[in-house]
Amino acid sequence: MSLKVSGPGTPLPPVRRPDGALPEVASLTADRIGITRPSRPLPPPKPRSPWDRIVAWWQGLGRQIETLGLADRTAQVRPVHPLPGGLDRTPLLQSNHPEILRDKGIALSTLPWPGEVHLKQPQSGAFGIFAHHNNRSGRTLQQSILLQNPGDKPVSVTIRTRAVYTTPEAPYRDRRQDIVTDPRGSEASGPGDATASAVLRQWIEDRPVTLVIPPGGFLPLSTKGVPQGAEITSRLDLETDGPVHAAVVFSEANTPKDDVVAQLGAGRRLPPNPGDKPPTPPGAPGPIIFGRVAGIQEGRAWQGTLTQGAPETFDLTDSPAEKGFLLIGKATNTLGTDQDQAAPLPHRYADAAFRSHGNYGVLYDLGVPLRNPTARAQRVAFHLDTPTPAPGLSRAFRGTLAFTWTDADGKERTRYVNVNQRAGEDGSQPLVSLDLPPGTVRSVQVRFVYPANATPPHVLRIANTPA
């Protein structure tokens, strides 16, 4: 199973089932607008006994000891290589400014209506939506994500992925183990992790759903309450057969759709955060202030092929070796590669970031065509590192990576691995290990959606040793 990211501005192809058949596409007509596939619920946490609490405390103490340096888990200094490939040109609507909600208002709107709050940019074909906000308004708010059909003909919208989680639905559950196999998505920690994990699985496993928006109509893609003190993270991948406009709006709890549309017409944007600073313009001297992201970025997916020793394959060596590739390089830290992977925002609010410096919500789809030209069997291990220390940071990465390969028996396998890692740490435990006999060629696909609340950059490290 190999997800292929298509060319600039073009839709991603349907995900094929293991048997080669395309998934069915359900069709909902105008009379059922707003009925969408719900987010996959996370398994409820198991009740913890007093013994479980003691064990959790002990493990947490062990983590603190590691952080203080009494146990050596710090990242080693290694050469890091630029990540091959690049971003596609598919739009990804970004709503993260302001991140802290103080009141109701419009977070993002591409509608063609008057006023600076509306970016007046229609979307057609393939595009995505990413939103991450934190409610500090003192009351429950409602987030609504809507599409509008501005034309005089119906528009079909295919929802390829859709995941929306709040903190109560996906609480932070940091653990001592850096890496755990997570076949069902039960190990997610926080709404950013849960949302990215669900979207990744939907790309690989789930079926798309098609809805129809009547002329001039609005389609609610998601409507969810956000309690005071809770975060909400949303990520959707859509394809349309005509132009549409999108909006992310926060209103009072239980606000009907028509009132949300009226709120859009009123044109009141979310109040700014008092602590927010204007972003640094590109090329300006001095320290860089990134700013929060709100607008339409160019680049929904990064696709590349990782190679070593040959132009088209990753050749293993007869002696132990490893090679690291930069993930989510940003302007202030590229780990010596000079590769800034941040997506540009050609359409943005005037007080928002010029680039998506963290590439939150971006799908990374990396092919690794392994080849063992040696006379001995070789073991290949994939690691994730976060080499840059950040004192006081609870976690630098809470997220899920998927590894897909074909075994020697011809069966295709996908393994989901959840990573919970602090800044300045090596991934000492492999995410996945594979043995390649002499002369074997085996392709591995590495995929993840970069989750909210992660702190880049990271390194994907591939190591081989004689088996």
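**Entry 1: the Arg413 pairs**

I looked up Asp409 and Arg413 and found that their side chains meet in a salt bridge, 3.2 Å from N to O. For my own reference, a salt bridge is a side-chain nitrogen of Lys or Arg within 4 Å of a carboxyl oxygen of Asp or Glu. This is a predicted model, where local features need pLDDT of at least 70 and side-chain atom pairs count only at pLDDT 80 or more, while totals for chains, interfaces and linings use all residues. Residues are numbered from 1 along each chain as its sequence is written, and side-chain values use heavy atoms, with hydrogens and water left out.

Arg413 also meets Asp407 in a salt bridge, at 2.0 Å from N to O. Buried or exposed, or in between? I noted Asp409 as partly exposed at 48% relative accessibility, Arg413 as partly exposed at 34% and Asp407 as partly exposed at 21%. The cut-offs are under 20% relative accessible area for buried, over 50% for exposed and partly exposed in between (1.4 Å probe, protein chains only).

**Entry 2: Arg78 and Glu322**

How many salt bridges does the structure hold? I get 24. One of them joins the side chains of Arg78 and Glu322, 2.6 Å from N to O. Arg78 sits in the loop between helix H1 (50–67) and strand E2 (80–81) and Glu322 in strand E17, so this pair ties together parts that are 244 residues apart in sequence. Helices (H or I, at least four residues) and strands (E, at least two) are DSSP runs, numbered from the N terminus. Arg78 is partly exposed at 22% relative accessible area, and Glu322 is partly exposed at 37%.

**Entry 3: Arg447**

Next I checked Arg447, in strand E26 (residues 441–449). Arg447 is buried yet has no salt bridge. Which side chain of opposite charge is nearest? It is Asp365, 4.3 Å away. Lys and Arg count as positive and Asp and Glu as negative, with His and the chain ends not counted. I did find a polar contact of 2.5 Å between the side chains of Arg447 and Thr404. That term means a pair of N or O atoms within 3.5 Å; within protein, one must be able to donate a hydrogen and the other to accept it, and residues adjacent in sequence count only if both atoms are side-chain atoms.

Most residues other than glycine have a negative phi, and most peptide bonds are trans.

- His97 and Pro98 are joined by a cis peptide bond, with omega about -5°. Pro98 is in the loop between strand E4 (91–95) and strand E5 (100–101).
- Pro456 and Pro457 are also joined by a cis peptide bond, with omega about 5°. Pro457 is in the loop between E26 and strand E27 (458–466).
- Asn453 lies in the loop between E26 and E27. Its phi is positive, about 70°, although Asn453 is not a glycine. I have Asn453 down as partly exposed, at 29% relative accessibility.
- Ile328 has a positive phi of about 60° and is not a glycine. Ile328 lies in the loop between strand E17 (321–327) and strand E18 (343–344), and is buried with a relative accessible area of 1%.
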